[in-house]
Amino acid sequence: MFCWQVLAKVKTVLISATGFRGMAVIILQLLLWPQIALTANIQGLRHSTETGYTRLVFDIDRPTEYKIFTLDNPARLVLDIHQSKMETTIDLLALKNQQIKGLRYAVRDDVNLRVVLDLKRKVRSNSFLLKPNSKYGHRLVLDLYDIAELSDRSAEELEHNQPVATTEVSTQASTDTSTATSTETSTETSTETSTETSTETSTETSTAASTAASTAASTAASTAASTAASTEVSIAPPSQVVHNQDDNRPEDQLQIILFDRPLTIGGEYSFVPTYREDYGFDNHPDDSLTLAQSFQLEFFYQASQDMTLFAEGKFNYNSDLYLEAGNEHNEPAFARGKTWVQFDNLVTDGFGLRVGRQNFSDKREWWWAADLDAVRAYYETPHFLIEYAVAEEQGRVSTKGPVDPEEDNIRRQFVRAEWEWLRKNYLEFFVFDHQDHSSTPRENMIISSDKEDDVDADLTWLGVRAMGRIKHKKLGRFNYWLDTGYVHGQETIIDFDDVDAKSILVDTSEKFDVKGWGFDTGITWQTRLVWTPSFTLSYAQGSGDKNKNDNVNRSYQQPDIHNNNSKYRGVDSFKYYGEVLRPELSNIKIATMAIGFPLFNDSSIEFLYHNYRQMYAADRLRGDRLQINPNGESTDIGNEVNIVLGLEEWKHLELEFVLGLFKAGDAFGDNAGDIAKTAISKLNYNF
């Protein structure tokens, strides 16, 4: 507004000083022409979400004027942006929100852009403009708060985020004190955005709600008529996560309109070479260099406000570049990826259903991380979520061959409940039931080698997780977790002998009762020291079986679809029990220390140390990657060092480099002190 006031004064001075009214008008038009001709282009929309809070960041190519008001029945928030147009597609895949039901936008009067947020409930808003910084250009920031959430937020957090009046807002920009990110995960790996400071000098008022109501009442009729007359694009985000935790997609994905609804097309190409050396120490020729490539194409379609469809196809190409033992080969395969339909707000708000092949991943992948054919029902509120699913493979997953015998006729049931009992602090409850309905072959029976399945298990897991963060003004931030699990049931262990190239003989078959427990706890301290290092300490333990002669296996075992993959404070996930050994949490104690540093804008490096000891000396490690077993005489398994470097400075490209060194302990007898090594590079191109 300031520029218009100055130009008006210039006009008055020119007229009074010269008397040449026509010349003054010409000069004024020349001065005004840049302001009239320049349109603010909306070049991107990013968002971050916490419980009870949403930040929307509109990337614009120049400052502009705007106004905000709300409408009721149903609840909506309207953002009118002066002389602007939308020049980007909205990222449907990343959008997940407890407050926003949908988003529409349309051009009004040929020059102004109206954005309408369809809300699930009433919210309170705050908005401001930000000047360009080293990473972003001009931005319009819109914060949405649940009214109930405002009472939980500290005075310090709200000091610079007070609601502004819903009349025209000053175009003066504020100082950007933190990076606005497009996806903020529950593990808080991105830079904190909720306290971005605004220094705008426009007049603020505590009567925003009444002002909004008044404005809404006076403009509701014209708004409805204008909106109905405009061509709109409707967007309603799904309630559940579309991708795996580490899948990131750019904001400018290809989008086409199909039956008046947006169809978003995207995907990923990954290139992962892996080198392994001395996994059998000096006893086996096991060095290898392999290359895994994958291309996946995704289609996301919002069929209606409450119906979403997703389809994904994959092509995988795995090749052996070098095998010390020889016999390299290549393995191309097409695979069906996640393909599902989701119905939101069935019966009541917050209740939904998803049917099809879908991803199951908990925050730390300690319980499960897999794509499965399933039916999943859920109910969510701002601070509570409960979901139930039943899964069983419905056919071959890829062209490599039929369903894996270890997956055939396996029925899994999932129950998960999550309660945010304090802001950013969660309690989760898990139930996982694994029932193997395949037939168990009898001893001395000869079967085809492609039917080999050495474990038949009927097991049930129960568990609780506490996870969250604690802030301290001087010390920094502390992120903590505690996972506990208990498993019980029965399993049958089957040993086979080779008969010929295509047949195997059932040698022995033995049934055990299973009763075991495990836990994993840790804390990460994100300091305020120079270079802002983060320090992590963690300890995990899975019960072991001391008496091996009573037909009761007391060793804990994790669900068969776990992955033990997460991140501390860096940008990339990694195997937090070690990149070389990768043991399952069974009859083992794992102590971990780590230090990490942020790099550049969106990169990090982390250094980790692991110490492994068995609870009871045994001649096997469950789930490990080594090609040699311990001797069963010592509990000292060894130590491992990992380095994880993640680089995510680019819009579409992500790079990760992992180094791992495992030093064998006394449990490996004459091989104690030998070292196994790995080096992994990961390149992901997202589109």
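Accessible areas here come from the Shrake-Rupley method with a 1.4 Å probe. By that method, this predicted model exposes about 31,600 Å², and carbon and sulfur atoms supply 56% of that area.

Figure 1. Let's start with the overall picture before zooming in. Of the 687 residues in the protein, 50% are buried. Take the contacts with a separation of 6 or more: residues 24 or more positions apart account for 65% of them. Charged side chains pair up too, with a count of 34 salt bridges.

**Figure 2. G52 and D146 sit with their C-alpha atoms 5.0 Å apart.** Along the chain, these two residues are 94 residues apart. G52 belongs to the loop between strand 1 (40-50) and strand 2 (53-60). With 4% relative accessibility, G52 counts as buried, because the cut-off for buried is under 20%. D146 is buried as well, at 6%. D146 also has a charged partner, R121: their side chains meet in a salt bridge, 3.2 Å from N to O. That pair ties together distant parts of the chain, 25 residues apart, with R121 in the loop between strand 7 and strand 8 (123-130) and D146 in strand 9 (residues 138-146). R121 is partly exposed, at 24% relative accessibility.

**Figure 3. R114 and D80 make a salt bridge, with their closest N and O atoms 2.7 Å apart.** Here is another link between distant parts of the chain: R114 lies in strand 7 (residues 112-119) and D80 in strand 4, 34 residues apart. Are these two partners buried or exposed? R114 counts as buried at 5% relative accessibility, and D80 counts as buried at 10%.

**Figure 4. R62 and D61 form a salt bridge between neighbours in the numbering.** The closest N and O atoms of R62 and D61 are 3.2 Å apart. R62 is partly exposed, with a relative accessible area of 26%. D61 is partly exposed too, at 25%.

**Figure 5. The peptide bond from N73 to P74 is cis.** If you look at the backbone here, the omega angle is near 0°. P74 is in the loop between strand 3 (66-71) and strand 4 (76-81).

**Figure 6. N345 and N564 each have a positive phi, although neither is a glycine.** For N345 the angle is about 55°, and for N564 it is about 50°. Which loops hold them? N345 is in the loop between strand 16 (330-343) and strand 17 (351-361). N564 is in the loop between strand 27 (552-553) and strand 28 (565-566). N564 is buried, at 6% relative accessibility.

**Figure 7. A negative surface patch brings together Asp and Glu residues, among them D404, E443, D495 and E510.** Which strand gives the largest share of this patch? Strand 24 does, with three residues. Strand 24 (476-498) and strand 25 each supply at least two residues. One of the patch members is D507, found in strand 25. At 35% relative accessibility, D507 counts as partly exposed.

**Figure 8. S503 is a buried residue in strand 25 (residues 503-526).** The relative accessible area of S503 is 18%, so S503 falls under the 20% cut-off for buried. What does S503 touch, leaving aside residues up to four places away in sequence? Its contacts are I446, I447, S449 and D498.

**Figure 9. A nonpolar surface patch of about 600 Å² is made by I523, L537, M593, Y609, V641, L661 and I675.** V641 is in strand 32 (residues 636-647). With 42% relative accessibility, V641 counts as partly exposed, because partly exposed lies between under 20% for buried and over 50% for exposed.

Technical notes: Residues numbered from 1 in each chain as written. Predicted model: local features only at pLDDT ≥ 70, side-chain atom pairs only at ≥ 80, totals over all residues. Heavy atoms only, no water. Patch = residues over 30% accessible without salt bridge, like charges linked within 9 Å, V, L, I, M, F, W, Y side chains within 5 Å. Salt bridge = Lys/Arg side-chain N within 4 Å of Asp/Glu carboxyl O. Helix = DSSP H or I, 4+ residues; strand = E, 2+ residues; numbered from the N terminus. Buried < 20%, exposed > 50% of the residue type's maximum accessible area, 1.4 Å probe, protein only. Contact = heavy atoms within 4.5 Å. Lys, Arg positive; Asp, Glu negative; His and termini not counted. Charge placed at Lys NZ, Arg CZ, Asp CG, Glu CD.
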